[in-house]
Amino acid sequence: MSAAAGTLTWTPAAEHTDLLAAPVAAAIATLPSARVAEIDPDLADTAAFCEAYGSPPECSANCVVVAGRRGGETKHAAVLVLATDRADINGVVRRHIDARKISFAPMDEAVEITGMEYGGITPVGLPEDWPVLVDEGVVAAGEVVVGSGIRGSKLLVDAAELAALPTAEVLALTQ
């Protein structure tokens, strides 16, 4: 297993859908390599997770939900970048989704529309009309840790499979 695995014991995610949010469980077949590990929900935030479980931050990908607005219409998108990087939300992402204004979606809104827990949102199982913008650094990382839709577990996946999700686009997203 790669360095991303850290000290956790990983098992096939499709066999442990009880450790996934409902929308993630429904879509997990799109990621055949996905493995899941149970974690302490209080350690779900990236820095705490990496420290506690020995998974390097450069192998951890964060998924954020953004809301872009233009002419009264709001579009949502998911942005996936390595924990060591910062996405250019106001530049690259805003232009790519053709928004005049863009911001991080409010927590309650992101939780409601994804059906996932805050701090566990992942690109797997998102609404079908959402673009999933994957930074090229995530793909280059190989195997990465992402959320599982809940705070009590994480997914270990081949980043190429994330890039192959139906609405995924690989871009240079970092500043």
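1. The protein chain exposes about 8,000 Å², and carbon and sulfur atoms supply 51% of that area. Accessible areas come from the Shrake-Rupley method with a 1.4 Å probe, and for residues only the protein chains shown count as cover. This is a predicted model, in which local features need pLDDT of at least 70 and side-chain atom pairs count only at pLDDT 80 or more, while totals for chains, interfaces and linings use all residues. Residues are numbered from 1 along each chain as its sequence is written, and side-chain values use heavy atoms, with hydrogens and water left out.

2. Of the 175 residues in the protein chain, 50% are buried (under 20% relative accessible area, 1.4 Å probe, protein chains only).

3. The protein chain has a radius of gyration, taken over C-alpha atoms, of 15 Å; this agrees with a compact globule of 175 residues, which would have a value near 16 Å (the rule is 2.2 Å times the number of residues to the power 0.38). The C-alpha trace spans about 50 × 30 × 30 Å along its principal axes.

4. The protein chain holds six helices and nine strands (DSSP runs, H or I of at least four residues and E of at least two, numbered from the N terminus).

5. Helix α3 covers residues 89-96, and its buried residues are I89, G91 and V93. Their cover includes β3 (61-70), β4 (73-82), β5 (101-104) and β6 (132-135), with contact meaning heavy atoms within 4.5 Å.

6. D88 caps the N-terminal end of α3, with a side-chain oxygen 3.0 Å from the backbone nitrogen of G91. Just after α3, D98 has a positive phi of about 60°.

Terms used. A polar contact is a pair of N or O atoms within 3.5 Å; within protein, one must be able to donate a hydrogen and the other to accept it, and residues adjacent in sequence count only if both atoms are side-chain atoms.
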